[in-house]
Amino acid sequence: MPLWILLIPYLIFLPIFLIFSLVDLLNAWRFRTGFFSASFLMLAYLAGTAGIMLITYHFLSPVDWLQTIGAGIKFSPLGL
Amino acid sequence: MNIKHLFKLKSYEHVEMLIRKHPIFLIGNLVLFIVLAAIPFGVAMLLQQVSPTLLTGSISVPIIAVLGSIYYLAIWLFFFSMVIDYYLDIWVVTNDRLIAVEQQGLFSRTISEMDLWLVQDVSSEIKGISATIFSFGKLSVQSAGEKANFHFENCHGPNSIRQRILALAEEDRKYHVGSVDLKKVGL
């Protein structure tokens, strides 16, 4: 299995995650009541998301994607 | 305090109370998040015992990283949604009315209002060991009018809130004594 195929579910998941996150953040912002700071809540969420993405990048950046994409094309119908 | 998006306060109106679920439910969600976040570490430890090469392989590492990233982003979003749900389920009690805001999932919420002078009965119910220890329970407000009654599950300190709402309702009723509305609903 070419490795780049793995990125397809990830690229499908990310926009869904982004939409849900934006709705949540918008809800928190529009209906903030001051019980505890909505800004802090949003900041914590964004920081956590950035952290997860950074760790993912840390693991994925050493991967030679050009080579794997090339290998994927070579062994996929596109390369035939 | 910024609640102008929920409703507009009248000129003589001020907020008396904000009622939310007991924070123990937020802590419960946090514990669930920690447990879910710890699962992949347990799986990794198991894999290290069973097949150590899987965690160092040139193909398996990106696969695990992508799946792990999807998993962690999903539970992080789930946890944040739980917090938002807790944050947005709220009762606002002013000196004039009771406003119940209920968040249902991500995309829908219900906002209902009840005039305090219409409050006929307020009951609180604390059931079970944990509810007794942490002082949370169900609060029900019965209206004298045709409007639906209000119920709030797992609110913090329902007994003191009940007393406070009854006192505020009594206070507000003084401004409606002799009014046609008051006689109409039989108060």
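With 15 C-beta neighbours inside 10 Å, B:Ser135 falls in the partly exposed class, since buried would take 20 or more and exposed 12 or fewer. Keep in mind that this is a predicted model. B:Ser135 sits in the loop between helix H3 (129-134) and S6 of chain B, and its phi is positive, about 55 degrees, even though the residue is not a glycine.

B:Asn154 also has a positive phi without being a glycine, with a value near 60 degrees. This residue belongs to strand S7 of chain B. B:Asn154 has 17 other C-beta atoms within 10 Å, so it counts as partly exposed.

| Residue | Phi | C-beta atoms within 10 Å |
|---|---|---|
| B:Ser135 | about 55 degrees | 15 |
| B:Asn154 | near 60 degrees | 17 |

Now for the core. The largest nonpolar core holds 31 residues, and the members touching the most others are B:Ile19, B:Trp91, B:Val93, B:Leu98, B:Val119, B:Val141 and B:Ile165. Chain B elements giving two or more residues to this core are helix H2 (60-88), strand S2 (90-94), strand S6 (136-143), strand S7 (150-156) and helix H4 (158-173). H2(B) is the top contributor, with nine residues. Domain 1 (15-22 + 91-174) and domain 2 (26-85) of chain B both supply residues, so the core lies between them. The centres of these two domains, taken over C-alpha atoms, are 39 Å apart.

What does B:Ile19 contact, leaving aside neighbours within four places in sequence? The partners are B:Ile90, B:Trp91, B:Val93, B:Phe152, B:Cys155 and B:Ile161.

Terms used:
Residues numbered from 1 in each chain as written. Chains lettered and ligands numbered in written order. Predicted model: local features only at pLDDT ≥ 70, side-chain atom pairs only at ≥ 80, totals over all residues. Core = buried A, V, L, I, M, F, W, Y, C linked by C-beta atoms within 7 Å. Helix = DSSP H or I, 4+ residues; strand = E, 2+ residues; numbered from the N terminus. Domains from an automatic or database assignment. Contact = placed C-beta atoms within 7 Å.
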